[in-house]
Amino acid sequence: MKTDHFLAPDYYLLDELLSEEHRLVRDSVRAWVKKEVSPVIEDACQKAVFPKQLLKGLAQVGAFGPYIPAEYGGGGLDQIAYGLIMQELERGDSGIRSTASVQSSLVMYPIYTFGSGEQKKKYLPALASGEMMGCFGLTEPDFGSNPAGMVTNIKDKGDHFLLNGAKMWISNAPFADIAVVWAKDEQGDIRGLVAERGMKGFTTPETHNKWSLRASATGELVFDNVKIPKANVFPGVKGLKGPLSCLNSARYGIAWGAIGAAMDCYDSALRYSKQRVQFGKPIAAFQLTQKKLAEMLTEITKAQLLAWRLGVMKNENKATPAQISMAKRNNVNMALQIARDARQIHGAMGITGEYPIMRHMMNLESVITYEGTHDIHLLITGMDVTGENAFM
Ligand SMILES: Cc1cc2nc3c(=O)[nH]c(=O)nc-3n(C[C@H](O)[C@H](O)[C@H](O)COP(=O)(O)OP(=O)(O)OC[C@H]3O[C@@H](n4cnc5c(N)ncnc54)[C@H](O)[C@@H]3O)c2cc1C
């Protein structure tokens, strides 16, 4: 079994900006990832299976609902602690972070924010403990970047709604116990509801043949006249702002998570460059290798500062969706570029599962697309600074 030698880069002493609680949370997740994720993740990825045995541990390290209040089973932590947890999980694998992001920001967050008292009591403690797993259905076969066009719909039948339609590319769908689903009502308003596995007409076929996020289970949500009790519909929200506010929270976590993947690639490349000898010298002694490593560390440091400042603003409730878009876009792209440079430093070895590089690189190709594509986040920033909508 391979040993995980990861050492986190902290060039600008960012630890000094963190509280003792932040460091404790970060270190405990880091230690858990080394012990439980690193030894199994490469194999899970090669076999394209989600390592379900990690769910219990994820719940125990507080990865499910870190910022949900303790009275509902959450961690009661702040946004920086949430970000640090996402960073450490993605250092292990983007798929593991995706599972925790979905559970926390796309399932627990909407139930906590828009749900009834009954819904919160019924679902949140079970989701926090990992006893129940959730998924989030927004994307449809014909509506990805433009979710407002969705065709999944609910019709009022008196004591229940009838749900019809299909969602695609849904993380955790194949094993989730519940799905937070966004659908249009007869007035054309987007509504959120909870569909439960076992409801007649609700199926979750798995999506196969992915080259990316192979250790994460992805699937469809198919609804064929599914009876949804009225008590399962969120009373607190109507319109696109419901799903978009969930995405804000998840995108914020991704801005931190991508730093984890980048740190792992940089750390591996630095170690390899000191060990690998060519032309009688370690390749770390060549200027071109140093250029790559120096630029990687510069970009990681900038991304760390961006995420930290965004976290402070999020704690103060003043981070705007456009500011979150900028961080998600910058940090994921930064991680992908670093993965590519790290792959070059590893030479041929970089394409093997001996090193985490290709796994991170392939994973990041999904991360740069989901939760708003790289270009869509650029258009959000563009609209924010010019006041002009270039989406349509
Ligand atoms: C592994 C994985 C897991 C996922 N998990 C989930 C999940 O759990 N729940 C969920 O709901 N969804 C999930 N998604 C879906 C994801 O959010 C969508 O793939 C994403 O929003 C993009 O939609 P699309 O793939 O339909 O691309 P499209 O919207 O068809 O975009 C295709 C291309 O066109 C560009 N484009 C689109 N509109 C414009 C425009 N106006 N101007 C310029 N360029 C434009 C895009 O930037 C992109 O490059 C997941 C996706 C993946 C790959």
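Predicted model: local features only at pLDDT ≥ 70, side-chain atom pairs only at ≥ 80, totals over all residues.
When I speak of the axis of a helix, I mean a line fitted to its C-alpha atoms over the stretch in contact, and the angle between two axes runs from 0 to 180 degrees between their N-to-C directions.

I will begin with helix α3, residues 79-92, and helix α6, residues 241-275, whose axes come within 7 Å and cross at roughly 40 degrees. Angles under 35 degrees would count as roughly parallel, and α3 and α6 are therefore oblique to each other. As for handedness, α3 passes α6 in a right-handed crossing. On the α3 side the contact is made by Y82, G83, L84, M86, Q87, E88, L89, E90 and R91, and these meet G253, W256, G257, A258, I259, G260, A261, M263 and D264 of α6. Sorted by class, the residues of this contact between α3 and α6 comprise nine nonpolar, five polar and four charged.

Helix α3 also packs against helix α7, residues 287-315, and here the axes come within 8 Å and cross at roughly 140 degrees. From α3 this contact draws on Q79, I80 and G83, which meet A307, W308, G311, K314 and N315 in α7. The residues in the contact of α3 with α7 are three nonpolar, four polar and one charged.

Now to another pair of helices, α8, residues 321-345, and α9, residues 357-367, whose axes come within 9 Å and cross at roughly 150 degrees.

Just after α8, G347 adopts a positive phi of about 55 degrees.

Finally, the ligand, which is surrounded by 22 residues, the closest being L138, T139, G144, S145 and T373. At least two residues of the shell come from each of β1 (134-137), β3 (160-171) and α10 (374-386). By class, the shell around the ligand holds eleven nonpolar, nine polar and two charged residues.

Conventions. Residues numbered from 1 in each chain as written. Helix = DSSP H or I, 4+ residues; strand = E, 2+ residues; numbered from the N terminus. Near = placed C-beta within 6 Å. Nonpolar A, V, L, I, M, F, W, Y, C, P; charged D, E, K, R; others polar. Parallel < 35°, antiparallel > 145°, perpendicular 65-115°, else oblique. Left-handed = near helix turned anticlockwise from the far one by under 90°. Contact = placed C-beta atoms within 7 Å.
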